[in-house]
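Please look over the chain below before reading on.

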Amino acid sequence: MKTFEEKWTAWLDGQLSGRELEEFEASLPEKATAEAEKVDVRKLCALLKRELGVSALTNEDFFSHQLRERIMRETSVSSAEREAKASTWWTIPRLLWTGTASLAVFLVFTIFVIRDKNPAEESQYLTQILNARVDPVVSPNATVSMFEVKQDRVTVLWTEGLQSLPADYAAK
């Protein structure tokens with residue numbers, strides 16, 4: 001289905017015929033005004049064709065025109081490529097300076113972290129295993145372990161796989 005504008009353009013160009021032409025002309029509110037506009041459009045088209053006609057190029061002119069166009073295309077492409085290559089942000093000197101600065105920052109932080117940490121002192125998470133026994137009577141896969149932290153004076157009893165706690169581990 002054509003829109004009104006498409007039908008209007010086809011009517012001005014004289015491309016409507018038959019029933020489509022009759023329906024379109026019946027839908028026009030003022031047919032006389034539309035006919036006058038159609039005549040004006042045809043006069044304008046004739047004037048434009050007469051005054052703005054395309055001049056024919058001779059073979060030499062056409063060849064020269066093609067050469068000029070090709071030179072313009074190649075010049076613009078090569079200059080754009082040169083600008084793209086020259087304007088790269090990550091050049092070798094910038095990469096070198098960035099790598100050097102990154103290493104310097106890494107070394108500074110490493111020195112501060114190592115200086116704060118004395119490797120000779122005992123860790124706060126260090127524990128001592130006092131006793132570990134497996135009681136095959138209670139369970140063949142059972143383990144009982146005791147851990148003591150001297151600084152906090154805490155002893156932890158760790159049991160795995162036990163179904164019941166043996167009598168010798170009763171709390172006092």
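The model is predicted. Its chain has five helices and three strands, and 9% of its 172 residues count as buried. Five aromatic pairs are present in the structure.

**The chain as a whole**
- Read from the N terminus, the elements follow the order α-α-α-α-α-β-β-β.
- Among contacts in the chain with a separation of 6 or more, 22% are between residues 24 or more positions apart.

**The pair of Trp11 and Phe24**
- Two values describe a pair of aromatic rings: the distance of the centres and the angle of the planes.
- For Trp11 and Phe24, the ring centres are 5.8 Å apart and the planes are at 50 degrees, so this pair is tilted.
- An angle under 30 degrees would count as stacked and one over 60 as edge-to-face.
- Trp11 belongs to helix α1 (residues 4–12) and Phe24 to helix α2 (residues 18–27), so the pair ties together parts 13 residues apart in sequence.
- Trp11 has a relative accessible area of 1% and is buried.
- Phe24 is also buried, at 2% relative accessibility.

**Around the pair**
- Trp11 and Phe24 are part of a cluster, linked by ring pairs, that also holds Phe4 and Trp8.
- Leaving aside residues up to four places away in sequence, Phe24 touches Phe4, Lys7, Trp8, Trp11 and Leu16.
- Lys38 lies over the face of Trp11, and its distance from the ring centre is 4.6 Å.

**The nonpolar core**
- Eight residues make up the largest nonpolar core: Trp8, Ala10, Trp11, Leu12, Leu16, Phe24, Leu28 and Ala34.
- Helix α1 gives the most to this core, namely four residues.

**Helix α1 and its cover**
- The buried residues in α1 are Trp8, Ala10, Trp11 and Leu12.
- Helices α2 and α3 (31–51) are included in what covers the buried residues of α1.

Note on methods. Residues numbered from 1 in each chain as written. Predicted model: local features only at pLDDT ≥ 70, side-chain atom pairs only at ≥ 80, totals over all residues. Heavy atoms only, no water. Phe/Tyr/Trp six-rings, centres within 6.5 Å; stacked < 30°, edge-to-face > 60°. Helix = DSSP H or I, 4+ residues; strand = E, 2+ residues; numbered from the N terminus. Buried < 20%, exposed > 50% of the residue type's maximum accessible area, 1.4 Å probe, protein only. Lys NZ or Arg CZ within 6 Å of the ring centre and 35° of its normal. Contact = heavy atoms within 4.5 Å. Core = buried A, V, L, I, M, F, W, Y, C linked by side-chain atoms within 4.5 Å.
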